Amino acid sequence: MPNPSHVLDRVLVLEMVRVTEAAAIGASKLIGRGDEKAADAAAVEAMRSALNELWMNGTVVIGEGERDEAPMLFIGEKVGCGDDKAPEIDIALDPLEGTTITAKAGANALAVLAIAEKGCLLNAPDTYMEKIAVGPGYPEGVVSLKNSVTDNIKALAAAKEVDPSEIIACVLDRPRHADIIAELRALGCGIKLIPDGDVAGVIATTDPDTSVDIYLGTGGAPEGVLAAAALRCVGGQMEGRLVFRNDDEKARAARLGIEDLDRIYGLRDMAKGDCIFAATGVTDGSLLDGVKRLRGGAVTTESIVMRASSGTVRYVRGEHRKGVA
């Protein structure tokens with residue numbers, strides 16, 4: 001367990017919840033409206049405004065993309081009060097993880113962020129990342145991207161003392177995962193296919209109530225860093241390897257100082273030191289309830305906030321009354 005950071009004040013733990021709550025409430029107005037871009041824009045604007053109220057000098061290291069592609073909360077953007085005496089903090093964020101989910105009123109849409117001391121979060125390019133993750137309680141290195149799907153499942157099953165057919169895997173429902181799914185089916189594994197939201201998918205491996213044992217597949221690299229920050233707080237193992245589809249994506253990595261394009265990143269390569277992870281449900285899901293709108297204009301939220309140095313996990317239910325700060 002890492003030592004508590006002198007930079008990450010305890011006050012910031014609940015302040016991060018306020019930020020994700022703001023983003024979730026903003027996006028909730030667009031649930032089921034069929035407009036992904038509008039839902040994302042609402043979450044971005046609300047999260048940005050909330051971050052700029054905080055006493056910190058924050059730098060977005062995982063954001064909505066590079067500056068030319070994202071007018072708000074882009075990689076490298078500065079947020080916070082701007083006070084020279086405020087702490088320097090790196091921020092990874094996804095104001096709306098699950099834009100399609102939100103537009104279609106599906107499950108497991110979240111507003112998510114993680115913070116750490118400067119230099120402690122992987123400054124990953126906005127590309128794909130191959131990922132594998134399991135929850136806590138297993139021998140170190142029980143699974144790895146160096147191994148085949150079959151070998152990983154057999155190793156995990158042996159560590160859990162069950163037959164491979166009893167392992168439940170979470171996989172994004174994408175054509176690119178057809179071979180992974182076929183290999184899992186051949187082993188008799190159960191598969192939880194999710195339409196989006198691989199941060200929630202990775203976190204599901206830490207929650208016995210979900211029955212998910214392992215997360216496998218390729219999703220966004222930014223989401224990989226966010227998921228790694230969460231696992232640093234609650235335990236588990238994860239590896240990630242960046243996937244590049246073209247020279248432009250390789251150039252993005254080079255601009256961020258990434259030289260070894262085939263490197264396998266461990267959990268502490270993606271999120272080291274003390275860190276705080278927070279998420280608020282936008283729509284109902286396995287991890288959190290979504291935003292609920294009540295008569296009279298009030299809304300309710302459910303959030304989770306974790307800290308690596310203490311191993312503390314808090315669930316926060318909030319009622320936000322109209323006209324009340």
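**Note on the predicted model**

1. Helix H7 is mostly covered, with 13 of its 14 residues buried. The model under review is a predicted one.

2. At 1.5 Å a residue, its 14 residues should span 20 Å, and the C-alpha atoms at its ends are 20 Å apart, so the two agree.

3. The protein chain as a whole holds nine helices and 14 strands. Its radius of gyration is 19 Å, close to the 20 Å that the globule rule gives for 325 residues; the chain is therefore as compact as a globular protein of that length. Along the principal axes, the C-alpha trace spans about 55 × 45 × 40 Å.

4. Among contacts in the chain with a separation of 6 or more, 70% are between residues 24 or more positions apart.

5. The accessible surface of the protein chain is about 14300 Å². Carbon and sulfur atoms contribute 47% of that surface.

6. How many aromatic pairs does a search of the whole structure find? The search returns zero. A charge over a ring is present, however: the charged end of Arg 176 sits over the ring of Tyr 128, at 4.6 Å from the ring centre.

Note on methods
Residues are numbered from 1 along each chain as its sequence is written. This is a predicted model: local features need pLDDT of at least 70, side-chain atom pairs count only at pLDDT 80 or more; totals for chains, interfaces and linings use all residues. Side-chain values use heavy atoms; hydrogens and water are left out. Rings of Phe, Tyr and Trp (its six-membered ring) pair if their centres lie within 6.5 Å; planes under 30 degrees apart count as stacked, over 60 as edge-to-face and the rest as tilted. A charge sits over a ring if NZ of Lys or CZ of Arg is within 6 Å of the ring centre and within 35 degrees of the ring normal. Helices (H or I, at least four residues) and strands (E, at least two) are DSSP runs, numbered from the N terminus. The expected span of a helix is 1.5 Å times one less than its number of residues. Buried means under 20% relative accessible area, exposed over 50%, partly exposed in between (1.4 Å probe, protein chains only). The radius of gyration is taken over C-alpha atoms; the globule rule is 2.2 Å times the number of residues to the power 0.38. Contact means heavy atoms within 4.5 Å. Accessible areas come from the Shrake-Rupley method with a 1.4 Å probe; for residues, only the protein chains shown count as cover.
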